[in-house]
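Me: I've got a structure open and want a quick walk through it. Can we start with the surface?

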Amino acid sequence: MDRTKAAIQAIDLCKKFGDFDAVSHLNLEVYPGEIFGLVGPDGAGKTTTLRMLSSIMDPSSGTASIAGFDVAGQSAEVKDHLAYMSQRFSLYSDLTVNENIAFYADLYGVPKKGRSQRIDELLDFSSMGPFKKRRAGNLSGGMKQKLQLVCALVHTPKVLLLDEPTNGVDPVSRRDFWRILYQLLKQDVAILVTTAYLDEAERCNRVGLLNQGKLMATGTPGEIKTLMTGEIIAIKSPDAWAITRLIRDNLDCQSVNVFGDTVHVVCQNLEKVSAMSRDLIETAGFTVESIRPALPTLEDVFVSVLGTKTTGKEEDDHKRLMASGMTRVKHGNEGEFAVQVTGLTRRFGDFTAVNALSFQVPQGEIFGFLGPNGAGKSTTIRMLCGLLEPSEGQGTVGGFDIRKNPESIKQHIGYMSQKFSLYEDLTVEENIRFYGGIYGLEGARIKERKEWAVAMSGLSGHQKNLTRNLSGGIKQRLALACALLHQPPIIFLDEPTSGVDPLSRRRFWDLIYAMADLGVTVFVTTHYMEEAEYCDRVALIYGGNMIAMGTPLELKTKRMTDTILDLKCSRPQDIASDLAALPQVRDAAMFGAGLHLVVDDAQAGEQAVREKLGALGVNILGLEQVTPSMEDVFISLIEEVDRNGKNTSNGGVS
């Protein structure tokens, strides 16, 4: 394939819905053997762009081509050379993995001759071979994503369009997915991917920043980072979120944002702001691991270019709005727990989804519940919320027995599911009234709560809008408002930030902290490992078993035994396998724009890596031992269980 000729091309591409410009005069080119990342906030026009390129939607004006074929006039030829993976699984739950792949092979007209070999190759490189007889409906979210990709690739396309393909999947599955994408590049496939994970955008050859339908900038990740104005101070601390609020309230900076256990302060005077930050933090008594200058990440650029500066007053106004609709929780007797379970178990036939879990959540705590897809997190939450009866074990939520008083539990908790729990065919107002009715609110009370929910969601003046037309971030806030209508003392959030952009995730966590300040107990599951840093304590579940529990700092320093080297270099995806083959390196995986290397001995590992990269002619931009991230912890503990060949029940730091 000619690498100099664009496999994907859009020229002055536009899409209007009435008077609304969803995509406006978009120009881009993607070449064979290239990954192009399209990033932007919710409602920026990313999905609309992919639908036009895939011939699903006609452009209002402009032209586009796939592998040289016009998307409007030659749609049949376009589909022959294209694979499109949408956000929704296009799988058949009652068919097996093999049967799903065979169906798509028939759909794409793949010849019978050589088909079995092609399918076996795809199953092998996606690690799906052992599951070819399993029904798609019984696969985890990460495995469904990989199966959908295999189905899309069965006809060997020249172009691959991926619409946020890793939303809702765990870090292990995300690493597997990107490993597959890098293999496709070697076959000269042109890949256009939209993503809500900015660390994934760092791995693309080029990136486009889309906002309000307009392509604001394109270039390599390094070129995009030049859009950043000001310098960055990185403050690493287990109290990162509290420090973020402290600096926002007291210092005049361009922006202050939290990234896991690190605060990024964007300012014009590095030395002055560093000294002032240090004084503030020491006076407040917070723990700090380091304060030092840092290079910008793509997420810094995203927040800087598309976000608005949050002042202390604006945050106070936000807190007051939240507090105006929430009653400060009056806790019971000292030592009582909001959630307490012993031996909690749930079986489905011969399958044990949750196995003998025992843990307690103190009142007013933000408790993170982590685990890979299919680990048993949602099943556990459904039992705690009175929606599913345990097979064995005992427990209480808010003082009510999960077996004897499930209806009482439902009236005293808030629950927000992975899909935001909203009815898309109802208006904003109708959704609020529906949930108010479920919680027994009526008359003046429901009117008062509806007004609060509309204001908290930022939907004043839009009460009559259909919910389906709202952006992901606004839907998320509306779903939370509906879950809080009856002012519950405990809220369960099941992957609440899945699929929303970084700005929406930050605003959502502002709301979570506002709730926690009022004494609300927050029980949250997430696949964003930086969000695990924001929790008071974290539990990790795998295969239905509890394998670790403690504060994020405890898990990273006491439970984690692996040594991590952080490598920054050119083309890290091309040399990961070379480094993983070194005797001194146990694993090498993409981490942001670089690699995290797992070694037993830091000094020996660093020497071996430097020698190998020197022999390969790869320039090292940085190589140092670092404190493990929560993603490192997550993957390390799961691999430890796999190496031992069994799960360890209720282990970890207590």
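This is a predicted model: local features need pLDDT of at least 70, side-chain atom pairs count only at pLDDT 80 or more; totals for chains, interfaces and linings use all residues.

Me: Switching to charges. How many positive and negative ones, and how far apart are their mean positions?
Reply: There are 70 positive and 81 negative charges. Their mean positions lie 4 Å apart.

Me: What about the fold? How many helices and strands?
Reply: The protein chain has 23 helices and 28 strands. Its radius of gyration is 25 Å, close to the 26 Å from the globule rule for 654 residues, so the chain is as compact as a globular protein of that length.

Me: What box do the C-alpha atoms fill?
Reply: Roughly 70 × 60 × 55 Å, along the principal axes.

Me: Let's zoom in on strands β1 and β2. Parallel or antiparallel?
Reply: Antiparallel. β1 covers residues 8-17 and β2 covers residues 20-30, with seven bridges joining them.

Me: Which residue in β2 is the bridge partner of Lys 15?
Reply: Val 23.

Me: And what sits between the strands of that hairpin?
Reply: Two residues. Gly 18 takes a positive phi there, near 65°.

Me: Last one, on contacts between residues at least 6 apart in sequence. What share joins residues at least 24 apart?
Reply: 73% of them.

Conventions. Residues are numbered from 1 along each chain as its sequence is written. Side-chain values use heavy atoms; hydrogens and water are left out. Two strands pair if DSSP finds at least two bridges between them. Helices (H or I, at least four residues) and strands (E, at least two) are DSSP runs, numbered from the N terminus. The radius of gyration is taken over C-alpha atoms; the globule rule is 2.2 Å times the number of residues to the power 0.38. Contact means heavy atoms within 4.5 Å. Lys and Arg count as positive and Asp and Glu as negative; His and the chain ends are not counted. The place of a charge is taken as NZ of Lys, CZ of Arg, CG of Asp or CD of Glu.
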